[in-house]
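Open the structure in your viewer and keep the selection tool at hand. The tour makes two stops, and each begins with something to select.

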Amino acid sequence: MKFFIDTANLDEIREANELGILDGVTTNPSLMAKDNVTGEENIKQRYLDICEIVDGDVSAEVIATDLEGIIREGEALANLHPGIVVKVPMIKDGIKAIKYFTDNRIRTNCTLVFSPGQAILAAKAGATYVSPFLGRLDDISHDGLALIEELRTIYDNYHFETQILAASIRHPMHIVECAKIGADVATCPLKPIMQLLNHPLTDKGLAQFLEDYRKGSNP
Ligand code: E4P
């Protein structure tokens, strides 16, 4: 399973990248605003800065919601850097735009996916990635992980090449469950990625090893 970090914050991206396990980055307009990156030029510059740090796919989201606007913005984003994947919302003109981008060899991430039917349309249009938002489903008492399982079954049934990019991840067990189901990618904030490191028996065992080493060195 590939690991993407879900943030526009350069320090967080650098920290995850330094672990050596980062395969890409996802952003969205809310994450840009959270990091105080506003205005078209600043946002484009932030994408370039991210692409300089990470050797992998960087999802850059369009703001337009009409076909012509999505295509115009998407082409401009794709021209910024070869690592850019154009993130397109799951709406009617979004699906048309994904088909256009597919036909023109521009990679896409279909975002805001909450149902298997939406994911089928994204795959049929040739999306490179589909982003089911599992945490937001959990937030409204639906089973987000069940959606990831359904998508895995459907995509395997028809050998769709669209990669399942599990998004809206809230905690480390979401990551582990996505790996068990067979999601192709998990995109997560820095915190749950770092939380994967933790186990009390690791801390206890390491403290014991170091103590025993010191005793052995100073008998
Ligand atoms: C995915 O690409 C989205 O940016 C993200 O995972 C949404 O997560 P949230 O529900 O925590 O905002």
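**Stop one: a pair of helices**

Select residues 67-80, which form helix α4, and residues 92-103, which form helix α5; their axes come within 9 Å and cross at roughly 45 degrees. Angles from 35 to 65 degrees fall between roughly parallel and roughly perpendicular, so α4 is oblique to α5. The crossing of α4 past α5 is right-handed. This is a predicted model.

Next, show the side chains where the two helices touch. On α4, pick Leu67, Ile70, Ile71, Gly74 and Glu75. On α5, pick Asp93, Gly94, Lys96, Ala97, Tyr100 and Phe101. How do the residues of this contact divide into nonpolar, polar and charged? There are 6 nonpolar, 2 polar and 3 charged residues in the contact of α4 with α5.

**Stop two: aromatic rings**

Now clear the selection and turn to the rings. With ring centres within 6.5 Å taken as the limit for a pair, the count comes to 5 aromatic pairs. For one of them, select Tyr158 and Phe160: the ring centres are 6.1 Å apart and the planes stand at 45 degrees, so this pair is tilted.

Ring pairs link Tyr155, Tyr158 and Phe160 into a cluster.

Is Tyr158 buried or exposed? Its relative accessibility is 58%, so Tyr158 counts as exposed. Phe160 has a relative accessible area of 22% and is partly exposed.

Note on methods:
Residues are numbered from 1 along each chain as its sequence is written. This is a predicted model: local features need pLDDT of at least 70, side-chain atom pairs count only at pLDDT 80 or more; totals for chains, interfaces and linings use all residues. Side-chain values use heavy atoms; hydrogens and water are left out. Axes are lines fitted to C-alpha atoms, for helices over the stretch in contact, and angles run from 0 to 180 degrees between N-to-C directions. Helices (H or I, at least four residues) and strands (E, at least two) are DSSP runs, numbered from the N terminus. Angles under 35 degrees count as roughly parallel, over 145 as roughly antiparallel, 65 to 115 as roughly perpendicular and the rest as oblique. A crossing is left-handed if the near helix is turned anticlockwise from the far one by less than a right angle, and right-handed if clockwise. Contact means heavy atoms within 4.5 Å. Ala, Val, Leu, Ile, Met, Phe, Trp, Tyr, Cys and Pro count as nonpolar, Asp, Glu, Lys and Arg as charged, and the others, Gly among them, as polar. Rings of Phe, Tyr and Trp (its six-membered ring) pair if their centres lie within 6.5 Å; planes under 30 degrees apart count as stacked, over 60 as edge-to-face and the rest as tilted. Buried means under 20% relative accessible area, exposed over 50%, partly exposed in between (1.4 Å probe, protein chains only).
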